[in-house]
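Trainee: Hi! Could you walk me through this structure before my group meeting?
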Amino acid sequence: MTERAARRRTGPVLFLILCVLFLSACQTAEGMKAPEESPEVAVPSMAPLPAPEGIRIAVASDLHLDPDHATRSGELSGVSLNPELVEALLWDAKHQGAELILLTGDLVNGGKDYRHEALTERLRKAEAEGLPVCVVPGNHDLAPIGQREFAELYDEFGYAEAYSRDVSSLSYCVLWKDLMILMMDTAGYSAGAIDLPGAPQRSSNCAFFSEETLDWVEKLLKEAGENDRHVLCAGHFNLLPEISRQPENSGYYLENGDRFAALLREYGVPRYLSGHQHTRAVYQENGLTELLTEYLLAYPTGYSMLDLTDGEIRYTPRRVDVDAWAAETGETEPVLLNYARWQQEELHDYARSNVAYMCERNPLSETEVRQAEEFFYTVMDSYWRGDLHARRTELESMPGYEPFFRCAEGYAYGWWLKSLIQNASPLLRGFVLAWK
Ligand SMILES: [Fe+2]
């Protein structure tokens, strides 16, 4: 029996959407154009993208590569298939015309060197096949390894080709054609893994930009303006979501994100790419747009595609075509060869098992259980398909609405689903943003 066969699913699988507890909101569309496609088209899509007109850059986040989980879990799920999904991501990005991929942290699931090596082996192969990679650490990437070891491990994936490196963090800057790309390290202090000689020590374990980092960024932003370069800026932790601004949320709190956001606004580059919350989301505030890219391993195995022309940035949510990757690379595992359909079934299992779990404390009748499961599944599916904003009234009148929230009383799923419904926005289907 192959190792993968040993991981075959043995029952309903929870695929860590719990991580999306701290979720998303889509705010007002300042200076944005909504996509033109019909809402009947599922988004993100696996359909081939048109050839790029400018620079096409893929952005993926929260890969949480963990080959240990792949072998120990005893079941097949997005999480246990993590090595395959990472490979499929890199293949899909290349096949859809990306000329570069940015990985915005939580590259591995716990900062062990052999897990990083499992990733760098795959990234090296992607680069050899023509897809350069730039990484930045998230809170799961440091400790036990320190910052210096991280920079050595990922030397080929951003640090060696950096135009400039910050001496006090793992932030760096690369120049790509007429772009300046700032890869910001937001994670060092939160992970307690500070060992760069230039990094100031501090007692707090909140995510944080040092004064040295802010000075370094400001110089680069000034230089970009003088040289007429467009600027893209990416990091792991978030700037705008409320949860990232409340000190009590220590794992999410970015202590001085407001100062960094102010710099981006001041220098006319008000856009930021992040991850960490495991959900696809768009935030806007005072002219600054923040795009959160989702967790790779959960339904729908999504990432972000950016098309950059001289006038605008076009964001297209993309679903990895795992089926096509599996067929082209000679995979024999049936689940991978039919992944999109299998994932849909997984979503039903996810709804069923979580309703059953909540019913242990807040019981429902048999009919209500089925209605609540259907409601849960429909909200999740609709959210990830990008049509939740158009179905709000329909969802609120589903028979499972009231039973679901009754059984979710005291569980995070209650406020999470309510927020999903309330904050759903067409921007999750993609948008076009002017550079200025
Ligand atoms: Fe994270």
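Mentor: Happy to; we'll start with the whole chain and then look at some parts of it.

Trainee: What kind of model is this, and how are residues numbered?
Mentor: It is a predicted model, where local features need pLDDT of at least 70, side-chain atom pairs count only at pLDDT 80 or more, and totals for chains, interfaces and linings use all residues. Residues are numbered from 1 along each chain as its sequence is written.

Trainee: Thanks! How many helices and strands does the protein chain have?
Mentor: There are 16 helices and 14 strands in the protein chain. Helices (H or I, at least four residues) and strands (E, at least two) are DSSP runs, numbered from the N terminus.

Trainee: And what does the C-alpha trace span?
Mentor: About 65 × 50 × 50 Å along the principal axes of the protein chain. The radius of gyration is 21 Å, which agrees with the value near 22 Å that a compact globule of 436 residues would have. That radius is taken over C-alpha atoms, and the globule rule is 2.2 Å times the number of residues to the power 0.38.

Trainee: What share of the residues is buried?
Mentor: Buried residues make up 51% of the 436 residues in the protein chain. A residue is buried if 20 or more other C-beta atoms lie within 10 Å of its own, exposed if 12 or fewer, and partly exposed in between, with C-beta atoms placed from the backbone.

Trainee: Which contacts join residues that are apart in sequence?
Mentor: Take the contacts between residues at least 6 apart in sequence: 73% of them join residues at least 24 apart. Two residues are in contact if their C-beta atoms, placed from the backbone, lie within 7 Å.

Trainee: Okay, domains next. Where are they?
Mentor: Domain 1 covers 30–324 + 427–434, and domain 2 covers 334–425. These bounds come from an automatic or database domain assignment. The centres of domain 1 and domain 2, taken over C-alpha atoms, are separated by 29 Å.

Trainee: How many residues from each domain take part in the contact?
Mentor: Domain 1 gives 15 residues and domain 2 gives 15 residues. On the domain 1 side there are 12 nonpolar, no polar and 3 charged residues. Here Ala, Val, Leu, Ile, Met, Phe, Trp, Tyr, Cys and Pro count as nonpolar, Asp, Glu, Lys and Arg as charged, and the others, Gly among them, as polar.

Trainee: Can we look at a helix? Which residues of H16 are buried?
Mentor: In H16 they are Tyr 413, Trp 416, Leu 417 and Leu 420. They cover an arc of only 95° around the axis, so they sit on the same side of H16. The arc is that of the directions from the helix axis to the C-beta atoms.

Trainee: What do they pack against?
Mentor: The buried residues of H16 pack against helix H12 (339–359) and helix H13 (366–385). The buried residues of H13, in turn, pack against H12, helix H14 (392–396), helix H15 (401–407) and H16. Among the buried residues of H13 are Phe 375, Phe 376 and Trp 384. After H13 comes Gly 386, with a positive phi near 85°.

Trainee: What about H4, how far apart are its ends?
Mentor: The end C-alpha atoms of helix H4 (residues 113–128) are 22 Å apart, which agrees with the 22 Å that its 16 residues should span at 1.5 Å a residue. The expected span is 1.5 Å times one less than the number of residues.

Trainee: Which residues of H4 are buried, and which are exposed?
Mentor: Arg 115, His 116, Leu 119, Leu 123 and Ala 126 are the buried residues of H4. Their arc around the axis is only 90°, which puts them on the same side of H4. Tyr 114, Glu 121 and Ala 128 are exposed on the other side of H4.

Trainee: Switching topic: which peptide bonds are cis?
Mentor: One of them runs from Ala 143 to Pro 144, with omega near 10°. Pro 144 lies in the loop between strand E4 (133–136) and helix H5 (147–153). The peptide bond from Tyr 299 to Pro 300 is cis too, with omega near 10°.

Trainee: Why does Ala 143 count as partly exposed?
Mentor: Because Ala 143 has 17 C-beta neighbours inside 10 Å. Its phi is positive, near 65°, in a residue other than glycine.

Trainee: And His 278, buried or exposed?
Mentor: His 278 counts as buried, with 26 C-beta neighbours inside 10 Å. His 278 also has a positive phi of about 65°, although it is not a glycine.
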